[in-house]
Amino acid sequence: MQRFLRATLAACGVLAASLPATAQQPYPSAPVTLVVPFAAGSGTDAVARTVGQKLADRLRQPVLVDNKPGANGQVAAQLVSKAKPDGYTLFMTTNTTHSANPALYANLKYDPIKDFTPVARTGELPFALIVHPSVPARTMAEFIDYARAHPGKLSYATPNSTSLVAMESIKHIARVDLLGVPYKSSPQALTDLLGGQVLAYVVDLGSGKSMLTGDKVRTLGITTAQPSPLLPGVAPIGQTVKGFDLTSWNGIFGPAGMPPAVVTRINTELQAVLADKDTQDKLAQIGFQVWPTKTPEEFSQYVAQQLTHWGALIRQAGIQPE
């Protein structure tokens with residue numbers, strides 16, 4: 001009898017050990033966390049909440065937006081890079097963490113290529129240069145003239161890499177002396193611009209679009225090479241500052257080593273979300289232009305190209321890595 005019991009228990013142990021391999025649940029079988037490297041109220045946060053809600057409907061699981069701002073996106077990037085690569089931790093981020101930071105920081109503690117699995121580019125978020133009404137400039141040309149007449153007097157906010165690289169590029173190309181003021185979040189930078197604590201700010205349309213058509217700020221130019229239908233009547237900065245062209249992209253990653261089947265599933269559902277007219281309309285209202293890559297491989301190539309492109313922009317602007 002004892003031998004029989006030992007044999008039975010051993011058989012049960014073998015069966016229990018084999019259960020994880022034979023009884024795995026299909027993805028997803030639990031809520032998904034979508035990490036955002038910027039504060040609530042930022043443009044990327046607004047995009048994440050719109051896309052996340054629609055993605056949850058298709059995955060039939062909650063998609064929880066988790067804001068982890070700090071260190072120009074480095075806090076969130078390190079968190080995601082160390083997460084389990086099972087598809088339950090995703091990262092909606094931008095050129096800040098994956099294109100600019102490698103050239104802005106000498107000792108970055110993550111690798112934008114090796115530490116992440118690209119899933120899909122979702123689109124781009126145009127930026128615009130706005131100034132406080134106390135600045136007597138209504139065009140980019142007038143802004144440049146005023147800055148040259150008052151060297152070191154015009155302050156500008158830099159809560160992210162796009163704002164920083166945009167203003168440093170303007171300074172370099174137009175040869176003007178402006179005073180940079182770093183910020184931890186876009187909402188705080190916008191609040192201080194409205195209050196006159198800083199006088200200029202290259203703001204993403206996601207967090208600033210509602211302000212751009214009012215009288216609380218003056219919009220002087222858009223960062224893209226072509227005019228944007230999201231901001232009609234506003235000329236590209238490059239028409240005055242020759243050679244200036246800056247586009248902020250947005251996309252979704254996971255940690256390195258995600259199962260290909262899970263990556264394909266998420267990409268497929270994202271394609272459907274971004275093709276949805278209601279999603280496109282909601283994103284357009286916050287200044288976001290839908291522009292998805294078709295495959296993870298296409299997104300991977302785009303990320304590598306943008307890493308090279310932003311590195312060149314940063315070096316040309318004379319920005320030294322911290």
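R121 lies over the face of Y302, at 4.5 Å from the ring centre, and R121 also lies over the face of W291, at 3.5 Å from the ring centre; a charge is said to sit over a ring if NZ of Lys or CZ of Arg is within 6 Å of the ring centre and within 35 degrees of the ring normal. Please keep in mind that this is a predicted model, in which local features need pLDDT of at least 70 and side-chain atom pairs count only at pLDDT 80 or more, while totals for chains, interfaces and linings use all residues. Residues are numbered from 1 along each chain as its sequence is written, and side-chain values use heavy atoms, with hydrogens and water left out.

Both of those rings, W291 and Y302, belong to a cluster linked by ring pairs, which also takes in F91, Y110, F116, W249, F253 and F299. Rings of Phe, Tyr and Trp (its six-membered ring) pair if their centres lie within 6.5 Å, with planes under 30 degrees apart counted as stacked, over 60 as edge-to-face and the rest as tilted. The whole structure holds nine aromatic pairs, and one of them is the tilted pair of W249 and F253, at 6.3 Å centre to centre and with 50° between the planes. W249 is buried at a relative accessible area of 0%, and F253 is buried with a value of 0% as well, where buried means under 20% relative accessible area, exposed over 50% and partly exposed in between, for a 1.4 Å probe and protein chains only.

Let me turn to S248, which lies in the loop between β9 (218–222) and β10 (249–255); helices (H or I, at least four residues) and strands (E, at least two) are DSSP runs, numbered from the N terminus. Is S248 buried or exposed? At 5% relative accessibility, S248 counts as buried. Leaving aside neighbours within four places in sequence, S248 is in contact (heavy atoms within 4.5 Å) with several residues, including T94, G123 and E124.

Finally, the sheet: six strands form an open, mixed sheet in the order β2-β1-β3-β10-β4-β11, where two strands pair if DSSP finds at least two bridges between them. Because β2 (63–67) and β11 (289–290) stand at the edges with a single partner strand each, one side of each is left without a neighbour in the sheet. Strand β4 (residues 116–124) runs antiparallel to β11 and is joined to it by two bridges, and E124 has Q289 of β11 as its bridge partner.
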